[in-house]
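The structure comes first, then the notes on it.

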Amino acid sequence: MLAVGAAALFAADFAAEGDLWWAHIQFLADDNLQGRETGSEGYREAVKYVAGKMETFGLKPAGTSGYLQPVKFETRQLVEEESSIAIVREGVEEVLERLDAIQSARADLAPAMETGMVFVGYGLRVPEAKYDDLAGIDLRGKVAVYVNSSGALDAPGPVKAHVGSAGERWAVLKAAGAIGVAVIANPRLPTGAGGGRGSAAAGTPPPAAAADGSSAGAGRGPAGGRGPQKAFLLADPDLQESIGQKVAIAITRRGGDKFFAGSGHTMEEILKLATENQPLPRFPLVGTLRTRAAVRRETIEAPNLAGMLAGSDPRLKDEYVVVSAHLDHVGVGRAINGDPLYNGAMDDASGIASILEIARIMKETGARPKRSILFLAVAAEEKGELGSRYFAIRPTVDRKRIVADINLDMYMPLFDLKWLEVQGLAESTLGDTIRDAAKAFDVQVQADKEPDQNRFIRSDQYSFIREGIPSLAFKFGYEFGTPEDKIFHDWIRDRYHKPSDDLSQPVDKAAAAKFNRIIVSLLEKVADSAARPQWKNDSFFKRFAR
Ligand SMILES: [Zn+2]
């Protein structure tokens, strides 16, 4: 075949490599693995598979026990019969029903509490944006009631996503003296949408974990049994972001007016302003909040996995480029069309398959990167990015020498790869590097097209960003109004966190293979560059660098 050009040869390679990539997904997203929930038998099977492949592809064990880094988690579940919420006014107690408000076991709920409440608008304090919902408010010893939106804050998407995240928001409220939170879901998000981190699904009753603003692990889960949801935390109290939160409540639309009664304000008024992203009034609420809470706790252990391709440069080999993906998914839940298994093929067996395929390619091409490349499969992303947080804070290598995280999570290889959307594109020099890498494959780079979706903090790269490590994440890009735009959004609507994210869905395997090759090129460029990646001077996230 004389007429075969380079492009056609690449195409042939992509077809074969796409099949190798897909084979990993066929194992990981099989019904046998039961949706790989952290701590489950299916997750343990997935761990064995990945450890085996890391060995096959020549990676050195880089965990604390072979390839494994065991992580301890604590689960918390509210004992509803022994828990209650009431508002007390002039000595009269009004007990709230589940349709009004529910408590979140993710917090550090006190067994019994009675305290005042203040409505603090959106509950944000962002000095660099000259924005302060807490100015002039005395929150000491009180519960902060707020709307879970970044509403009237005028700031870039990543900043809004960061300051609106559960951990950051609570850190600010706690510093102002608050002892708990009561949260009104963002009315801009559709009911039951499971909006991800920084949002709370507005369903009735709301998911339990929404009360601390982190619907991760609840709002994003498969809406399983009728009982209260189980919250997952890292077992180490030093790593628990809700520490000190003695009260945590999600308020429904119906419940809102019971909180606002006598204050001169109504739920309708507040929701209307919040829907329009208008500034909100701030005012003390009338009466006290009386809570009782009993929480059932269990300990679970599930590992991250780390495998190393050692660097070739005598000096740079002690620096590490991390390429990460999450091994867990949401497990077994409410059946849809008779199917209770949430297989998680794209989310995120696709990312794990990519890191394995990247390891294979680098082995077979005899890659000799100057810096070391650390292949990381993490637990408990679906529980709130917990496995990656543990690794980023307690890494198995010197934390100061981790130079970047390249995270592959649900990057959506559903059509040909012509555009690559990059989250974090403008934040660090990694953005320039991925532009170079993509260009060689005739792929154009796009910035995040839907910053309101908070994707920059909705996966494991955020755990590294918070530790000051420049990071990127990806989606297959498209232009608005094209068939690809429709395929992307239909998928989010029909398959995201549903049993239909399984092996029967249409996927462009060759396009995934092209993506894998671009990531190989990106990793090699980052590993070989004389200078380690740097945050851009105007990046909000530069502050975390040490
Ligand atoms: Zn997910």
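## Zinc site

In this predicted model, the zinc ion is coordinated by Asp347 (OD), by Glu382 through two entries (OE and OE), and by His497 (NE2), at 2.0 to 2.6 Å. The angles among the four donor atoms run from 54 to 142°, and the site is irregular. Because four donors count as tetrahedral only if all angles lie between 85 and 135 degrees, that range does not qualify as tetrahedral.

Along the sequence, the donor residues follow the spacing D-x34-E-x114-H. Asp347 and His497 link distant parts of the chain, 150 residues apart. Asp347 belongs to helix H7 (residues 345-364), while His497 sits in the loop between helix H11 (483-494) and helix H12 (509-528). Asp347 is buried, with a relative accessible area of 3%; His497 is buried as well, at 9%.

## Nonpolar cores

The largest nonpolar core holds 89 residues, and Phe375 and Phe474 have the most contacts inside it. Leaving aside residues up to four places away in sequence, Phe375 touches Met54, Leu59, Leu305, Ala306, Gly307, Leu309, Val323, Ile355, Ile358, Ala359 and Met362. A second, separate core has 44 residues, including Ala182, Phe260, Met267 and Ile457.

## Helix H5

Helix H5 spans residues 253-260, and its residues Gly255, Gly256, Phe259 and Phe260 are buried. These four lie on the same side of H5, because they cover an arc of only 140° around the axis. An α-helix has 3.6 residues a turn, so residues three or four places apart point the same way.

Gly262 follows H5 and has a positive phi, near 85°.

Technical notes
Residues numbered from 1 in each chain as written. Predicted model: local features only at pLDDT ≥ 70, side-chain atom pairs only at ≥ 80, totals over all residues. Heavy atoms only, no water. Donors = N, O, S within 2.8 Å, 3.2 Å for Na, K, Ca; no water. Tetrahedral: all angles 85-135°; square planar, octahedral: opposite > 155°, others 65-115°. Helix = DSSP H or I, 4+ residues; strand = E, 2+ residues; numbered from the N terminus. Buried < 20%, exposed > 50% of the residue type's maximum accessible area, 1.4 Å probe, protein only. Core = buried A, V, L, I, M, F, W, Y, C linked by side-chain atoms within 4.5 Å. Contact = heavy atoms within 4.5 Å. Arc of directions from axis to C-beta.
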